[in-house]
Amino acid sequence: MEKYLKRPSTLEMGSYSKKHCVEINLGDLPADPGLRTRIWDYHPNVREQIRREYALKGPCQPREHNFRLLPCGDKLRQFNRAWFDRYSTWLEYSIKKEAVYCLCCYLFKPDNGKQGGGDSFVGEGFTNWKNQASLLEKHDNSTAHQQASRKCLDLMNQNQHIETTINKQTDKARIEYRTRLGASIDCSWFPLRQGLPFRGHDESEKSSNKGNFLELLHWLCGHNENVEAVTLKSAPENLKMIAPKIQRDIVSAISIEIINTIIRDIDDSLFSILVDESRDISSKEQMAIVLRYVDKNGSVIERFVGIEHVTDTFALSLKAAIDGFFFLDMD
Ligand SMILES: [Zn+2]
């Protein structure tokens, strides 16, 4: 059974906090309208579920009840059960209080801080049997009731329900995000395979050459409607998936996958690490790392796995760089 939170009393509304919450379950919600907790006294997070639960059950109409006779002027009168049919969508009767209530107004009438919201169809209930017909009709036609009634209908219509709408939006956003990310990953593969640089000298909108990555992404948009619909100009400003940091993250993820594949290929076989160092054009010491091993088919394989910057070329520094490259414990 699903459990929800409920505020214990209206007195604590002003100082409401998590510690004041108590757990209830939907099965424990009282059916009799005279015994219900005010809808506004439930925690906002569960109010919608409780509304839906009551709306699904429909109005409480105990047709077999022996309606109590109440003094009304000089006569004894009682509730006329024929009204259940006339106002079948909202009219309720409380056996506990021998009074009439409105389900729609209970669920949706705005909270004005008073018990019952100043309306006898919620709170203490309606017991004026003398002018019953005209007062029920008056309530049915009142603006407040009409508004509450419309909200009830909307609640019952799942497609208009806010939760459904949010879920749909979430699903749509998730699909768009995956399409956008997939396009950025696909456009990273080509320069990686060809050993080409990603970035361009001028990546502005007006640039005639935005670099290999962006140019490839523009090309892909021009050839795939699904990608074009959610990428570059069609993407949210803060979620384009083309920032340099995103490109680096994608390249880093791909390099980890490639090294893992090479390690799986080596399996438990012996292997050697070939290390060579040289200075690059800016005089930085660089160390190239190559793995050499014999694969399952007996072929000698050499895989270049990366370049590491080193401060010097002493054996200890090179060993530390190799350990760091493969995330090994250096102790
Ligand atoms: Zn009403």
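This is a predicted model: local features need pLDDT of at least 70, side-chain atom pairs count only at pLDDT 80 or more; totals for chains, interfaces and linings use all residues.

**Stop 1: the zinc ion**

Select the zinc ion together with C102, C105, H139 and H145, its protein donors.

What arrangement do the four donor atoms make around the zinc ion? The arrangement is tetrahedral, because the angles they subtend run from 102 to 121°; four donors count as tetrahedral if all angles lie between 85 and 135 degrees.

Now look at the sequence, where the spacing of the donor residues reads C-x2-C-x33-H-x5-H. Colour helix α3 (residues 103-108), which holds C105, and helix α4 (residues 132-141), which holds H139. These two residues are 34 residues apart, so the pair links distant parts of the chain.

Are C105 and H139 buried or exposed? Buried means under 20% relative accessible area. C105 counts as buried because its relative accessibility is 2%, and H139 is buried at 6%.

**Stop 2: two residues with positive phi**

Select E98, in the loop between β5 (91-94) and β6 (99-102). Its phi is near 50°, a positive value in a residue other than glycine. With 6% relative accessibility, E98 counts as buried.

Next, select L232, which is in the loop between α8 (225-228) and α9. L232 is not a glycine either, yet its phi is positive, at about 55°. The relative accessibility of L232 is 10%, so this residue counts as buried.

**Stop 3: the largest pocket**

Select S255, I258, I259, V305 and F325, the lining residues that lie nearest the centre of the largest pocket. The lining has 29 residues, and about 690 Å³ of space lies in this pocket.

Ten residues come from α9, the largest share of the lining.

Colour the lining by class: 21 residues are nonpolar, five are polar and three are charged. Then colour by domain: domain 2 (166-248) and domain 3 (267-325) each give at least three residues to the lining of the largest pocket.

Definitions and conventions. Residues are numbered from 1 along each chain as its sequence is written. Side-chain values use heavy atoms; hydrogens and water are left out. On a 1 Å grid over the protein atoms alone, a cavity is a set of points where a 1.4 Å probe fits but cannot get out, and a pocket is an open set with protein on both sides within 12 Å along at least five of seven lines; lining residues have an atom within 4 Å of a point. Grid points are joined across faces, edges and corners, and a volume is the space filled by probe spheres set on the points. Helices (H or I, at least four residues) and strands (E, at least two) are DSSP runs, numbered from the N terminus. Ala, Val, Leu, Ile, Met, Phe, Trp, Tyr, Cys and Pro count as nonpolar, Asp, Glu, Lys and Arg as charged, and the others, Gly among them, as polar. Domain bounds come from an automatic or database domain assignment. Donors are N, O and S atoms within 2.8 Å of the metal (3.2 Å for Na, K and Ca); water is not among the atoms, so sites may look incomplete. Four donors count as tetrahedral if all angles lie between 85 and 135 degrees; four count as square planar and six as octahedral if opposite donors are over 155 degrees apart and all others between 65 and 115; anything else is irregular. Buried means under 20% relative accessible area, exposed over 50%, partly exposed in between (1.4 Å probe, protein chains only).
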